[in-house]
Amino acid sequence: MLNESRKQWLSYLATADEDYLISLWDNLNMKIEYNWLREPEIGSVMVQGKAGATGDNFNVGEVTITRCSVNLNKKIQGHGYVQGRNKYKSKIAALCDALMQTEKKEIIKKNILDKLVKYKNNKRNEILSKTEATKVDFFTLVRGEDK
Amino acid sequence: MYVSVKGGEKAINNAHSWLSEIRRGDVNIAELNIKQISEQLTLSVDRVMSEGSLYDKDLSALAIKQSRGDLIEAIFLIRAYRTTLPRIGSSKPIETSKMLCLRRISATFKDIPGKQKLGPTFDYTHRLLDFKLLADGEYDKAKIEKYDDKEIPHVLSFLNKEGLIQKEIPSGKTSKDITRNPINFPLTRSERLQSLSRGDEGFLLGLAYSTQRGYARNHAFVGELRTGYVEVQFEIPELGIEINIADVMFTECESVNQFNGSKKIPAQFTRGYGLVFGQLERKAISMALVDRSMRWKEFGEEYLGVAAQDEEFVISHCDNIQATGFLEHIKLPHYVDFQAELDLVRKIREEYKKNGQRT
């Protein structure tokens, strides 16, 4: 389900519902040895918009981001950049990123990433189908004076 | 000689204890939790995120709880917290044309690709109190329908094709982040837009209303209003890979305003722009109108001396935390300042008594 590019899996991890990602990870019950390259740190990213949607960039406001980096077996690095302020979510993201570069990638893909994709698609479908139900169908009334 | 005065420590501590107790309210009533606030008072949460200039629902809900529902106090808490966060970087500019819309309407064209979609709106409600909400937990469920998952283009892009509206083209001007650099007038439009997006909703509403009533010549139509989620793209510094780091809800308003033209360019509509965090359409529309009225110079229009055209007036006063900080500080002790004034007025009165006239 997931195209195995790093850009994609990092995106799904970053925007995952934190409770859902944590439950998926905890259920796997994996024991992973790692070292911190960067311990979890809460910060912000300034979000930019475009004037008139196509013109000059401008700063709209910031969004909270947590990041950390891990090292597996002192050779594989994983980076966890996630939305929000949950350090555990960030650590899970970094470990998943690292594990996706190892022989364990099938386990992570099947048990975590594919499920995150499905979760996000379901949310998207829910919004689209509810929005569609509020679509306005215009109709015109034929009035007498045109005769 | 200056004699410093100390005291009031016990009074302050006891005042804070009472604040804590009164915030909790009647203990026989269940305590509010943060998730209840972020799920059920969503639009308060959105306002605090927008004016606090930090997109984080849980923090915003916490601030609302802590401030007893005083939204400006809550915004103050968020602003204070925001300053403690290390800045990891800046996103790529968002693509609002790719928004996952909950709502998308145009007041200028009836039939538009992507159609008019009302979304969860208060519009068309009768504004009658719903006493059902007093009684039980019943609610209507949203209806669903089959859809086409197609990108919804901006309405104004159609006017653009005919050259009927002024185009928004990047000017190449660099803009400063107003939260990191002191502002110097005149500002770039980008700096104005940043200020407006975190500005006070009430202040912007009042100014926008003033332009509608004639204090600045800019009759506005809502060309398009949309609310939904937009992917925020950010380049991971260690990897050089751009990822979707956050999904953020925005409301965007594009206004269509009266003409502008010259010997070189035939008459065409002009536009204003509003973009804010959350589902805050009153604020997004207000922002678009005020953005437009401050563009008078760019369009070679007359300066009518009204508030909404004056960027220094608007930008210097639209920030409710700056405003309330200065306003509320006058309730803190000014005993020495006032003593000086009191001495002065006594002296003037004495001289008046002596001379029988003002000196």
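**Overall fold of chain B**

Among contacts in chain B between residues at least 6 apart in sequence, what percentage join residues at least 24 apart? In this predicted model, the figure for chain B is 64%. Chain B contains 13 helices and 6 strands, and its C-alpha trace spans about 80 × 65 × 55 Å along the principal axes. Of its 359 residues, 35% count as buried.

**Domains of chain B**

The domain assignment divides chain B into domain 1 (10–82) and domain 2 (96–318). The C-alpha centres of domain 1 and domain 2 of chain B are 28 Å apart. Their contact involves 8 residues from domain 1 of chain B and 10 residues from domain 2 of chain B.

On the side of domain 1 of chain B that touches domain 2 of chain B, helix α3 (residues 42–52) of chain B gives the most, with 6 residues. Classified by residue type, this side of domain 1 of chain B comprises 3 nonpolar, 2 polar and 3 charged residues.

**The four-stranded sheet**

Chain B holds an open sheet of 4 strands in the order β3-β4-β5-β6, with antiparallel pairing. Its edge strands are β3 (100–105) and β6 (268–277) of chain B, each of which pairs on one side only. On average, and with direction ignored, neighbouring strands of this sheet are turned by 25 degrees against each other.

Within the sheet, strand β4 (residues 220–236) and strand β5 (residues 241–260) of chain B run antiparallel and are joined by 16 bridges.

**Interface between chains A and B**

The contact between the chains takes 50 residues from chain A and 65 residues from chain B. On the chain A side, at least two residues each are supplied by α1 (6–14), β1 (35–50), β2 (57–72), β3 (76–83) and α4 (105–133) of chain A. The element giving the most to this side is β2(A), with 11 residues. By class, the side of chain A that touches chain B has 18 nonpolar, 20 polar and 12 charged residues.

Strand pairing also crosses between the chains. β1(A) and strand β2 (residues 87–93) of chain B run parallel, joined by 4 bridges. In this arrangement, Val45(A) stands opposite Gly89(B) in β2(B).

Glu242(B) is located in strand β5 of chain B. Is this residue buried, exposed or partly exposed? Glu242(B) is partly exposed because 15 other C-beta atoms lie within 10 Å, whereas a buried residue would need 20 or more and an exposed one 12 or fewer.

Leaving aside neighbours within four places in sequence, Glu242(B) is in contact with Gln233(B), Phe234(B), Glu235(B), Lys92(B) and Lys7(A). The element α1 (6–14) of chain A is among those that supply the side of chain A touching chain B, and strand β2 of chain B covers residues 87–93. Along the chain, Glu242(B) and Gln339(B) are 97 residues apart, and their C-alpha atoms are separated by 61 Å.

Notes: Residues are numbered from 1 along each chain as its sequence is written. Chains are lettered from A and ligands numbered from 1 in the order in which they are written. This is a predicted model: local features need pLDDT of at least 70, side-chain atom pairs count only at pLDDT 80 or more; totals for chains, interfaces and linings use all residues. Domain bounds come from an automatic or database domain assignment. Two residues are in contact if their C-beta atoms, placed from the backbone, lie within 7 Å. Ala, Val, Leu, Ile, Met, Phe, Trp, Tyr, Cys and Pro count as nonpolar, Asp, Glu, Lys and Arg as charged, and the others, Gly among them, as polar. Two strands pair if DSSP finds at least two bridges between them. Axes are lines fitted to C-alpha atoms, for helices over the stretch in contact, and angles run from 0 to 180 degrees between N-to-C directions.
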